[in-house]
Amino acid sequence: MVTVTDSTQRRTPKAAKTTSVFKKAVMAISGIVLVLYLIAHMIGNLKAFAGADEFNHYSEWLRTIGNPALPGATALWLIRIVLLVAVVAHIWAAVSLWRQARNARPERYVTKKAVAQSYASRTMRWGGVIILAFVIFHILDLTLGAVNSEGRDGEPFDRMLASFQNPVVTIFYAISVILVGMHLRHGIWSATQTLGQSNRRREVTVNYAATAIATVLTIGFLLTPFSILFGLID
Amino acid sequence: MRSSVGDTGTGPEKRGMNLTLRVWRQQGPTVKGKMVTYKVTDISPDMSFLEMLDVLNEQLIMQGDDPVAFDHDCREGICGMCGVVINGEAHGPQQTTTCQLHMRSFKDGDSIDIEPWRASAFPIIKDLAVDRRALDRIIQAGGYISVPTGTAPEAHATPVPKKDADNAFDAATCIGCGACVAACPNASSMLFTAAKVTHLGLLPQGQPERNDRVVNMVAQQDREGFGGCTNIGECSAACPKGISMETISRLNHDLLGALRAGARPKS
């Protein structure tokens, strides 16, 4: 069989500006920063079980870390800047790779069967978009108090109660946290691969660790809002 | 009496299978294609998938129709020339090449969808035949070692640890069929490139060009318009040679090391 293509019909390859693997590494490292933050955030949330005073005191401490050497909320703002950079980098890499993947297969299969992919890996992109929407709502609700009935001047503990006593908010929160859990299930494994730290021997361990971290974080984040919803914390 | 002297014990007499095929027909690279339905009858379960397509083509030629174009060469599972997506799976339901897939993997009355590899880097030439020269250009970008030819050197002059030799050989079994690209949700050629980077990077002869190789091969695969890897694993599950995801981790490790060491892709 002759397999000849007219050279004029080949699309001119675009110059690769930044390699896709570099973008993946940016995604992995920013992801690790965000996972570390999530662990600290979860521990903070669980302080709700220690009572209003303890929780509010913890919140106050976050705003005064390093005082008086560091003035005011310097440390908190440093953390916020690092997080913002990580989130922007993560989204930039994701959008850029998403676009590259879309261009790589303009005509879809009529029939396509998934053989190896997990549900978690399939929800990375749209799951990520939903998580972003949630994070924006979450900051408006509990950091800025803009959409919270206690408003900006309420105590952190009271704002949290006001938020999670509303079942709609709690359900949105739960869906988002479960999506975060699935995002981490695939993300932790993928980051290990991307940073070149996986191999055939470690693969099983890495996957178990990814599931374990994702599960612990998901449960840890769900405990507080559901305890509030069911009146265990008030 | 259920058995008689003449019963050979092979069970009911095997009859050929009747199948409905939905095949992607596309006249040329720039023409729009579509799925066309054909019937084939009396297909032996011992036929290979390609032999079944041969039967279809003979039928089409007899009717005065255009036969279905598909790539094939050795039909022994070692050349990497054949490959179509069968019922949504690259090379079909068995982890082997299309030529080594046999019709016993299907049942009488089955409907089978047959499509080409789909990726912008693999433009369709006609029907099921795609242009995979993008993979050749990735090889040209660094998938080689520069050594003078001549008499073979003494085999014991360069010792290779057994483990490295085994892993390099596993990676070297890649036949470049492109099933990894076809199966990947991102149409990424990562498993192919990773197999080549692993194969050469684990051996002493591959060391001098190791950094440049990985940087240039990855840059070329991006230039060709393949997608990026998201470590989903469809590639490895579809690979007729079972190349493992470990090779991708090794490519990433090599690439990040090479970038840190200052290696940059040739433009």
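How many residue pairs are in polar contact between chain B and chain A? I get 33 residue pairs, both residues being at pLDDT 80 or more. A polar contact is a pair of N or O atoms within 3.5 Å; within protein, one must be able to donate a hydrogen and the other to accept it, and residues adjacent in sequence count only if both atoms are side-chain atoms.

Ground rules, before I go on. This is a predicted model, where local features need pLDDT of at least 70 and side-chain atom pairs count only at pLDDT 80 or more, while totals for chains, interfaces and linings use all residues. Residues are numbered from 1 along each chain as its sequence is written, chains are lettered from A and ligands numbered from 1 in the order in which they are written, and side-chain values use heavy atoms, with hydrogens and water left out.

**Entry: the interface**

I looked up who takes part in the contact (heavy atoms within 4.5 Å). Chain B puts in 61 residues and chain A puts in 51 residues. The buried area between them is about 4,500 Å², and carbon and sulfur atoms give 50% of that. Buried area here is the accessible area (1.4 Å probe) that two parts lose on being put together, summed over both.

Next I checked salt bridges, meaning a side-chain nitrogen of Lys or Arg within 4 Å of a carboxyl oxygen of Asp or Glu. Three of them cross the interface of chain B and chain A. I noted a salt bridge between Lys113(A) and Glu89(B), at 3.2 Å from N to O.

Several elements of chain B each supply at least two residues to the side that touches chain A, among them strand 1 (17-25), helix 3 (162-172) and helix 8 (246-260). Helices (H or I, at least four residues) and strands (E, at least two) are DSSP runs, numbered from the N terminus. Helix 8 of chain B gives the most to that side, with nine residues.

**Entry: chain A**

I counted eight helices and zero strands in chain A. Its C-alpha trace spans about 80 × 40 × 40 Å along the principal axes.

Pro68(A) sits in the loop between helix 2 (52-62) and helix 3 of chain A.

**Entry: chain B**

Which residue pairs up with Arg132(B) in a salt bridge? I found Asp71(B), with the closest N and O atoms 3.5 Å apart. The two come from distant parts of the chain, 61 residues apart: Arg132(B) is in the loop between strand 7 (129-130) and helix 2, and Asp71(B) is in the loop between helix 1 (49-62) and strand 3 (85-86) of chain B. For the tally, the structure holds 16 salt bridges over all chains.

Last stop was Asp42(B), which has a positive phi of about 55° although it is not a glycine. I located Asp42(B) in strand 2 (residues 34-43) of chain B.
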